[in-house]
Amino acid sequence: MTDLTVLGAGIFGLSVAYEAAKRGARVQVIDPHGPGAGASGGVVGALAPHAPENWKPAKALQLQALLSAGAFWRGVEAAGGQPAGWARTGRVQPLKDARAVELAQARALEAESLWQGQARWFVREAGRPLDPQSPTGLVAQDDLTARIHPRMAVPALVAALTRLGGEVLRTGDLRGTVVHATGAAGLRELSETFGRPIGRGEKGQAALLAFSAPEAPQVYAPGLHLVFHADGTTGLGSTSERDYDDPESTDARLEALLELAVQTLPALKDARVISRWAGERPRAATRTVCLAPWPGREGHYIANGGFKTGFAMAPLAAGLLCDLIFEGRDAIPAAWALPA
Ligand SMILES: Cc1cc2nc3c(=O)[nH]c(=O)nc-3n(C[C@H](O)[C@H](O)[C@H](O)COP(=O)(O)OP(=O)(O)OC[C@H]3O[C@@H](n4cnc5c(N)ncnc54)[C@H](O)[C@@H]3O)c2cc1C
């Protein structure tokens, strides 16, 4: 039986650990702060595609990740017996002017070929319950976007891993192959180790509202995601901040986002704020996933760089890393190499 130690119990570390345990490895996850202590302990969980246009390998990978996510999360739920909050509920966006409508219509045509008939993007009249305010009276909708509830998904992964014989620990000795999935702190450490900018953190603030609409498509307007969760709450995010002293504090920027949310979706006016939350996204210099052997350190690997799409990309990244570690099959895209 192969031994694997994963450092970091965020979505990247836990997904790798679960995938490895499924393949029969003896897995331990070590995180001094416990599961979901970093960015993965948030409240938003949008699994949303890039716009269907200007196709490139990164978009193709993201499409693959989004289309395969349902099977991954159903497997996690079956293995651990706990719901993860995944559903492909789609997404609605307001269209602010004629130019935005034209662009959305062009994207609808592009989606027909680029999304290979597996998902649709279309323009329709606004007016359904929980549609956002839209100056043109039209909205763009897609049925590819899904959602996950970070606060359900992380415990669901821990439950699945544990049932498969894995352990999640606060401390422990490294055993066997080691995967470093240590988020923003890990990117800073790698930058210091290699003396070049591998990555850093980027702060984001978000809130959880007592507003129940678990079947509704999520709402996206510039700078605002509204995600209606399976447990009858709604996640709202997010700010993007480069300069900060305290990565975990919330402030007036979040209050402004809450106001924008009510302007965009007036039905939220009386929704109680259950909690305010902030965390650090792991932002690689390449702005994409970093999935690579640790240069010069045999048996050590890096799984990081989820940035704004970590929940969307972690299952696919976990599968590719385990293919490499356990089967020697390297199908990791070149774009996910450690930043040069
Ligand atoms: C406000 C906000 C909104 C977001 N919204 C979305 C969204 O809608 N959709 C989406 O897909 N993504 C979203 N993200 C991004 C997503 O949360 C991240 O990409 C993802 O959580 C990163 O996961 P990770 O496992 O790499 O890092 P983390 O979750 O940060 O986990 C890293 C873990 O490593 C541990 N650690 C650190 N150092 C060590 C060490 N030396 N040894 C052991 N453990 C260590 C930490 O305690 C931590 O638990 C959002 C992020 C934020 C901040």
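**Notebook: chain and ligand shell**

I began with the surface, and the accessible surface of the chain comes to about 14600 Å², of which 51% belongs to carbon and sulfur atoms (Shrake-Rupley method, 1.4 Å probe; for residues, only the protein chains shown count as cover). I note that this is a predicted model, in which local features need pLDDT of at least 70 and side-chain atom pairs count only at pLDDT 80 or more, while totals for chains, interfaces and linings use all residues. Residues are numbered from 1 along each chain as its sequence is written, and side-chain values use heavy atoms, with hydrogens and water left out.

Next I looked up the overall fold. The radius of gyration, taken over C-alpha atoms, is 20 Å, which agrees with the value near 20 Å that a compact globule of 340 residues would have (the rule is 2.2 Å times the number of residues to the power 0.38). I found 55% of the 340 residues buried, meaning under 20% relative accessible area with a 1.4 Å probe and protein chains only.

Then I turned to the ligand, which 33 residues surround, the closest being Asp31, Ser40, Ala46, Phe307 and Phe311 (a heavy atom within 4 Å counts as near). For polar contacts (pairs of N or O atoms within 3.5 Å), I noted a backbone N or O atom of Ala39 at 3.0 Å from a ligand oxygen, a polar backbone atom of Gly45 at 3.3 Å from an oxygen of the ligand, and a polar backbone atom of Ala46 at 2.8 Å from a ligand nitrogen. Taken alone the ligand exposes 1000 Å², and the protein buries 89% of that.

How values were computed. Polar contact = N/O pair within 3.5 Å; in protein donor to acceptor, adjacent residues only side chain to side chain. Buried < 20%, exposed > 50% of the residue type's maximum accessible area, 1.4 Å probe, protein only.
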